[in-house]
Amino acid sequence: MKQFKIMLPTVAEAKKFVAAAAKCDFDIDVYYNRVTIDAKSILGVLSLDLTHVLTVELHGEDAGFEAFLKGYAPENNSAA
């Protein structure tokens with residue numbers, strides 16, 4: 001199980017994130033405070049406060065998705 005910190009400052013980026021997560025054949029969770037959301041649920045992800053850093057937990061491995069997540073790291077995001 002791996003964890004990544006990401007920021008999704010726009011709805012368009014949240015949609016890209018959900019689309020990329022949906023391609024993975026394992027569970028992916030997104031955490032903010034005490035809320036846990038399925039990363040493959042666009043409504044769930046959009047219900048989170050996208051102005052804050054989110055924690056993504058992978059229950060499997062996909063090098064392509066992990067590289068995608070690194071592009072959304074808070075230090076890569078000017079909104080952070």
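Predicted model: local features only at pLDDT ≥ 70, side-chain atom pairs only at ≥ 80, totals over all residues.

Guide: Residues are numbered from 1 along each chain as its sequence is written, and side-chain values use heavy atoms, with hydrogens and water left out.

Now for the overall layout. The chain has 3 helices and 4 strands, and along the sequence they come in the order β-α-β-β-α-β-α. (Helices are DSSP runs of H or I with at least four residues, strands are runs of E with at least two, and both are numbered from the N terminus.) The C-alpha trace spans about 30 × 25 × 20 Å along its principal axes. A compact globule of 80 residues would have a radius of gyration near 12 Å, and the chain's 11 Å agrees with that. That radius is taken over C-alpha atoms, and the globule rule is 2.2 Å times the number of residues to the power 0.38.

Time to go inside. Of the 80 residues, 41% are buried, where buried means under 20% relative accessible area, exposed means over 50%, and partly exposed is in between (1.4 Å probe, protein chains only). The part I'd pick for you is the largest nonpolar core, which has 24 residues. A nonpolar core is a set of buried Ala, Val, Leu, Ile, Met, Phe, Trp, Tyr and Cys residues joined through side-chain atoms within 4.5 Å. Inside this core, L8, F17, I28 and F65 have the most contacts. The elements giving two or more residues to the core are β1 (2-6), α1 (11-22), β2 (28-32), β4 (54-58) and α3 (63-70), and α1 gives the largest share, 5 residues.

Let's zoom in on F65. Leaving out residues up to four places away in sequence, F65 touches F17, A20, A21, C24, I28 and L58; a contact means heavy atoms within 4.5 Å. Two of those partners deserve a stop of their own.

One is I28, in strand β2. I28 counts as buried because its relative accessible area is 1%. With neighbours within four places in sequence set aside, I28 is in contact with A21, I37, D38, A39, V56, E57, L58, H59 and F65.

The other is L58, which belongs to strand β4. At 0% relative accessibility, L58 is buried too. Again skipping residues up to four places away, L58 touches M1, K2, F4, F26, D27, I28, F65, E66 and L69. The C-alpha atoms of L58 and A21 are 9.7 Å apart, although 37 residues separate the two along the chain.

Take P74, in the segment after α3: its C-alpha atom is 5.6 Å from that of I6, 68 residues away along the chain. P74 is buried, with a relative accessible area of 16%.

For contrast, back out to N33, in the loop between β2 and β3 (35-38). N33 is exposed, with a relative accessible area of 65%. Most residues other than glycine have a negative phi, yet the phi of N33 is near 55 degrees, a positive value in a non-glycine residue.
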